[in-house]
Amino acid sequence: MAGLVPAIHVFDTWRDFRGCPGHLVRRRASLLPGHDDELGDAMPLPSSVDAAIIGAGAAGLGAADALKDSGLSVIVLEAHDRIGGRAWTIQASPEVIFDVGCGWLHSADRNSFVAIAHELDFEINKSLPPWGQRAYGNAFPQEERDDFSRALEQFYERAWQAAQKGEDGPAARCLEPGNRWNPMIDAISTYVNGCELDQVSLLDTEAYEDTNINWRVRRGYGALVAAYGASCPVALNCNVTLVDHSGKRIRLETSRGTLTADKVIVTVPTNLIAGEAIRFTPALPSKIDAAAGLPLGVDDKVMLALEDADAFPTEANLRGATMRTAMGTYHIRPFGQPCIEGFFGGRFARELEDAGKGAIAAQSIDEIAGFLGNDIRRKLKPLAESRWATDPFARGSYSHALPGHAGDRAALAAPVEGRLFFAGEATSPNFFSTAHGARDSGERAAMEVLATLGRS
Ligand SMILES: Cc1cc2nc3c(=O)[nH]c(=O)nc-3n(C[C@H](O)[C@H](O)[C@H](O)COP(=O)(O)OP(=O)(O)OC[C@H]3O[C@@H](n4cnc5c(N)ncnc54)[C@H](O)[C@@H]3O)c2cc1C
């Protein structure tokens with residue numbers, strides 16, 4: 001795997017104006033927490049353990065942490081050369097920290113990573129997200145913005161009312177026919193769900209518990225997750241391809257050899273289960289079906305260095321009233337850093353990934369120039385862009401339930417024969433698609449393991 005970082009493309013262009021070779025950026029990225037070369041292949045693969053956990057994302061690390069004082073022998077098997085999965089912080093330039101995956105402590109008043117951040121001495125930033133604020137520049141005049149906000153609120157109200165009836169269906173059903181803001185409401189869905197509203201289960205989306213409190217971690221959410229998992233026993237570069245539960249002990253085939261376990265916790269993203277990148281013997285069609293009902297949509301981020309940054313506001317929002325679903329949304333100078341972070345979702349994000357490396361950055365610079373004028377082009381230089389659909393061990397960004405599949409989260413989470421357990425963000429009943437939902441699900445699966453041993 002070239003560079004071992006398929007979920008991201010790091011640009012060389014920034015060296016032109018920073019005078020620093022691009023490979024140093026890669027090196028810095030690889031040396032951040034969660035990418036610790038010392039872990040590497042150093043953890044030998046045991047031939048037998050009490051419990052094996054597949055995947056070292058927030059869920060797998062949550063499970064390992066919950067089992068650490070259990071007396072069980074535990075190993076976490078991780079296909080990548082770093083821990084954290086879809087939680088990943090890089091130093092995109094000397095001045096810019098970039099959360100390539102999760103960035104916001106959603107529902108922060110109920111988010112288990114908040115207490116962990118305090119314990120690990122990670123500073124939390126509580127400033128309000130810029131999403132609902134006045135947009136910078138003239139591309140989205142405030143009266144238009146207010147009108148859009150009203151239309152969005154009315155859509156959410158209709159969706160809530162419809163969900164109360166208990167009948168599932170596509171959330172797109174709750175769009176008001178002919179409303180001029182419908183494409184932009186759909187764009188919001190691509191950011192929140194990773195897909196357009198025609199793909200989203202109404203009942204599932206209403207099951208998500210959003211407390212509207214969103215905080216951030218100054219050193220990066222990915223760095224926090226990596227620090228949380230730093231003491232967990234992880235075998236890196238260890239791709240599990242087969243879970244054979246036909247015998248007395250479960251046999252795992254991996255890229256680093258075979259091992260056996262009494263209990264196995266599976267935390268890999270749903271698209272890998274549905275696509276049988278990881279296989280089960282005997283087959284588990286109910287798990288494949290449930291995972292297929294909870295696909296990962298696509299969301300990607302781009303980080304652009306911003307010259308002359310002091311001329312721009314910090315923590316500001318930038319977007320236009322473009323009346324399209326295929327559009328980005330931008331965060332100007334997060335944490336005051338000299339940069340603009342762009343966010344794309346849904347079919348458009350997938351198309352941009354398909355268009356090849358650099359397409360997301362090029363699109364974002366064109367779009368920003370459309371809002372602020374062509375002079376801005378010379379001030380923007382791409383630093384890095386994510387490519388989550390291309391990452392073979394993610395195959396997307398976060399899960400949504402397809403219409404009619406709200407029940408699949410519980411079906412995926414259910415243990416099999418008291419020895420195969422399932423965690424990961426997609427199994428969370430109320431905090432799916434988030435890092436804390438993933439962590440809590442890992443803890444839940446660990447408790448299920450202990451319960452089968454009479455230790456709950
Ligand atoms: C662009 C983007 C923005 C996001 N923003 C936010 C946000 O602001 N707030 C928030 O809370 N969440 C956000 N999320 C979602 C959040 O990052 C995820 O929900 C969470 O990190 C998922 O954790 P997980 O443990 O379930 O899965 P993962 O993190 O995907 O972990 C699974 C692990 O399994 C490994 N793996 C896969 N297959 C195998 C195999 N066969 N063998 C061994 N290992 C394997 C993978 O490499 C990975 O490390 C965002 C995600 C993305 C992509």
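Strand β4 (residues 89-93) and strand β5 run antiparallel and are joined by four bridges; strands are DSSP runs of type E of at least two residues, helices are runs of type H or I of at least four, and both are numbered from the N terminus. Two strands are taken to pair if DSSP finds at least two bridges between them. The model is predicted, so that local features need pLDDT of at least 70 and side-chain atom pairs count only at pLDDT 80 or more, whereas totals for chains, interfaces and linings use all residues. Residues are numbered from 1 along each chain as its sequence is written.

Within this pairing, Q91 has I97 of β5 as its bridge partner. Two residues separate β4 from β5, and the two strands form a hairpin. In β5 (residues 96-99), V96 and F98 point one way while I97 and D99 point the other way, and all are buried, a residue being buried if 20 or more other C-beta atoms, placed from the backbone, lie within 10 Å of its own, exposed if 12 or fewer do, and partly exposed in between.

The chain is divided into domain 1 (2-125 + 217-294 + 398-452) and domain 2 (142-209 + 297-386), with bounds that come from an automatic or database domain assignment. The C-alpha centres of domain 1 and domain 2 lie 26 Å apart. Contact, defined by C-beta atoms placed from the backbone that lie within 7 Å, involves 30 residues of domain 1 and 32 residues of domain 2. On the side of domain 1 that touches domain 2, the elements giving two or more residues are β1 (8-10), β4 and β5. The residues of that side divide into 19 nonpolar, nine polar and two charged; Ala, Val, Leu, Ile, Met, Phe, Trp, Tyr, Cys and Pro count as nonpolar, Asp, Glu, Lys and Arg as charged, and the others, Gly among them, as polar.

The ligand is surrounded by 42 residues, of which the closest are G55, G57, G85, C102 and T434; a residue is near a molecule if its C-beta atom, placed from the backbone, lies within 6 Å of it. Because domain 1 and domain 2 both give residues to the shell around the ligand, the ligand lies between them. At least two residues of the shell are supplied by each of α3 (58-66), β15 (299-306) and α14 (435-452). The shell divides into 21 nonpolar, 16 polar and five charged residues.

A further three strands form an open sheet in the order β6-β8-β7, with antiparallel pairing. β6 (104-105) and β7 (124-125) stand at the edges with a single partner strand each, so one side of each is left without a neighbour in the sheet. β6 is joined by two bridges to the antiparallel strand β8 (residues 215-217), where W215 is the bridge partner of L105.

Methods: Contact = placed C-beta atoms within 7 Å.
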